Amino acid sequence: MLTREKSRARQATVIDAYRQHSGLRSIPHNRHYVTLAGLQSFEDDREALSPHSEYAQVTSAGLVPLPKRQYVAFDTQAELIAVNKRVAPTATWLCEDIYAGLVRLHAEKKINPAIVFYDSMRLPQLGTVEASKLMVFLSKFRPIMFVANFIVHRQFVPSPLSNEEIFRSFARLPAYGLALRRGWSTDRRVYRYKGDHATMATVVFWLDRQ
Amino acid sequence: MKNNNDKNAGWSEPVDASIAEPQNEASCKDRTGRFVRVTEEMRHNYLERMAELAAFRKQHGPQPVARFISAEKKSKSGIVVTPDVAMEYLRSVRYNRLFIKKNLQDYSMIILNGQWIPNHTDSTKFDTEGYLGDANHRMHCVILTGVPIIVRVDLGLSHAEIETLNSRKAARSAQALSGYQFEAPLANETIHGVKTLLATLGQPLDIEGVDTPYKRIINTYKELIDLIVPALPKKSNEMPNYSKGEVIAVLLMIGIVNRKTLVEWLPKFNLHLRYKTCELSESLSRMLGWLDKYVEGRAVEMDRSPTDYVIRCKAFLKAILSGVKPKNGANGLDDQNFMDTLVYKLLHEAQIDVQLSDVDRAPTTWRNDPNYVRERKK
């Protein structure tokens, strides 16, 4: 099932990766977990979150100990935000573009992210552009982990895109070069998993790795 | 449940480092090696400042310059504009002028290479209330490059004086509909065309009666309804109200809304993205139907090819625009261009409908449609 695969991938690429690299079990209390909200997965009655949903997973695993203050999710679709707000009212759900929202919150001195999970529904050709732009901006916050998720195979894509193709998409962007000059690093490994309709790939980046 | 994906999930081996090597900017010189160019660093700082500006304007709207330039500072040599000052000036922009990206590139090169000279004609203009009326590109360039420049300043200009800057610029129909009053005669032709278009559809839209002469930002569905529905004819006595999809279909048909704007608006109108295509295509069909009834007094069959849509739409729009005789190449409302734009926009959206209905011949794009090409040659 998609949700189970997805939650396994999240465990490996976000929770385990953060713990392994930082040596901390959870993010510090003055820092935030920023993600793209999407529609969280529900139980059958649509009234409660599924344990496989991102919010339930990162809070129950103890990665985000204070979800009311630390969990920040962006989405441009107001309907999804409204539904998520209804089932998880304690977290912060913002109907905004993630880049514009982060810049605004930074200007208002309200955000200090420790993990940014860019769980995009895009192919690497477009997704890397947004991801590089975000990485350049996020170099203000250290130490920080950036997790980028892309679709590498779906309907109308003739063959799955390789791991090399993802890094080639990154490498041809000047913004990615700037991000690396600002200290971002990666082990160039890719976590691939299959959902119901698409194959996804996740890359983890670190700034000031400890 | 058996899961076949387990064997595929997991971490890969590291990708070869040579593949992941980024393209570094070799130097900040351009290809000729003589001029300094805009670097990636500048571009990203600019993006962040623009996001801040957009957030401020969304929250507070245009604000007049607080630290308004006093008469002492207005000297012959001009004043220094730093990036922070430029941000402050840009917060005060309320004139809806076209933003040209090429100007941004050109001016940035000039500023970066130290060739900026404030001259006597291109001054930075403020109106009587302290809002910036001109020199938007200059302010953007200062923020992009981070280099302060010296500009000359004109204070206390009237709206009419500032508006003369737009005398040779094409006006957008969105500007006209948002209640933007133009002093320039050429721009007024465009407004006249749009007004006639709406007036022929139903009651005339009272553009002069709009509260503010500046850009009116539509934030809610109700505001949009208040603006557009009075201009439309009555559907029928049984169904006097317009659905959301129908209102948006009208906007698409008369070319006010494009697809990008539409996607931005959908959350405001509580329309779910998933239902967008279905509802819009249905609405477009219905709109075409009753617009056709309105013009010719008979119903339209919806299982037609895109070419028929073009012909019918053109006929309809020509009937609407028969009262208007703009000069060719005047501005914006050039007869042929205007029609083509409208029809293109309409078809661009109507193709969704064509895919859904049972059409025997549905070309991939309407430009490839041989019948349409033949008609253009005539």
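Strand S4 (residues 113-119) of chain A runs parallel to strand S5 (residues 144-153) of chain A, and five bridges join S4(A) to S5(A). Two strands pair if DSSP finds at least two bridges between them, and the strands (E, at least two residues) and helices (H or I, at least four) are themselves DSSP runs, numbered from the N terminus. This is a predicted model, in which local features need pLDDT of at least 70 and side-chain atom pairs count only at pLDDT 80 or more, while totals for chains, interfaces and linings use all residues. Residues are numbered from 1 along each chain as its sequence is written, and chains are lettered from A and ligands numbered from 1 in the order in which they are written.

S5(A) is mostly covered, with nine of its 10 residues buried. A residue is buried if 20 or more other C-beta atoms lie within 10 Å of its own, exposed if 12 or fewer do, and partly exposed in between, with C-beta atoms placed from the backbone.

S5(A) also pairs with strand S8 of chain A. The two run antiparallel and are joined by nine bridges. In this pairing Met145(A) has Trp206(A) in S8(A) as its bridge partner. Strand S8 (residues 199-207) of chain A is likewise mostly covered, with seven of its nine residues buried.

Two further strands of chain A pair with S8(A). Strand S6 (residues 184-185) of chain A runs antiparallel to S8(A), and two bridges join them. Here Ser185(A) stands opposite Trp206(A) in S8(A). S7(A) pairs with S8(A) in the antiparallel sense over five bridges, and Tyr193(A) has Met200(A) in S8(A) as its bridge partner. A hairpin through four residues joins S7(A) to S8(A). In a regular strand the side chains alternate between the two faces of the sheet.

The helices of chain A come next. Two packed helices are described by the angle between their axes and the distance between the axes. Axes are lines fitted to C-alpha atoms, for helices over the stretch in contact, and angles run from 0 to 180 degrees between N-to-C directions. The axes of helix H6 (residues 124-138) and helix H8 (residues 174-181) of chain A come within 8 Å and cross at roughly 30°. H6(A) is therefore roughly parallel to H8(A); angles under 35 degrees count as roughly parallel, over 145 as roughly antiparallel, 65 to 115 as roughly perpendicular and the rest as oblique. H6(A) passes H8(A) in a left-handed crossing, meaning that the near helix is turned anticlockwise from the far one by less than a right angle, whereas clockwise would be right-handed. Ser132(A), Lys133(A), Met135(A) and Val136(A) of H6(A) make the contact with Ala175(A), Tyr176(A), Leu178(A) and Ala179(A) of H8(A). Two residues are in contact if their C-beta atoms, placed from the backbone, lie within 7 Å. The residues of this contact of H6(A) with H8(A) comprise six nonpolar, one polar and one charged. Ala, Val, Leu, Ile, Met, Phe, Trp, Tyr, Cys and Pro count as nonpolar, Asp, Glu, Lys and Arg as charged, and the others, Gly among them, as polar.

H6(A) also packs with helix H7 (residues 163-171) of chain A, where the axes come within 9 Å and cross at roughly 50°. That angle makes H6(A) oblique to H7(A), and the crossing is right-handed. From H6(A), Pro124(A), Gln125(A), Thr128(A) and Ser132(A) meet Glu165(A), Ile166(A), Ser169(A) and Phe170(A) in H7(A). By class, the residues of the contact of H6(A) with H7(A) are three nonpolar, four polar and one charged.

Chain B has 14 helices and five strands. Of its 378 residues, 26% are buried. Phe99(B) lies in the loop between helix H2 (83-90) and helix H3 (101-112) of chain B, and counts as exposed because it has 10 C-beta neighbours inside 10 Å.

The two chains touch through 29 residues from chain B and 37 residues from chain A. On the side of chain B that touches chain A, strand S1 (10-11) and helix H1 (40-60) each supply at least two residues, and H1(B) gives the largest share, nine residues. That side divides into 15 nonpolar, eight polar and six charged residues. Strand pairing also crosses between the chains: strand S7 (residues 190-194) of chain A and S1(B) pair in the antiparallel sense over two bridges, with Tyr191(A) opposite Trp11(B) in S1(B).
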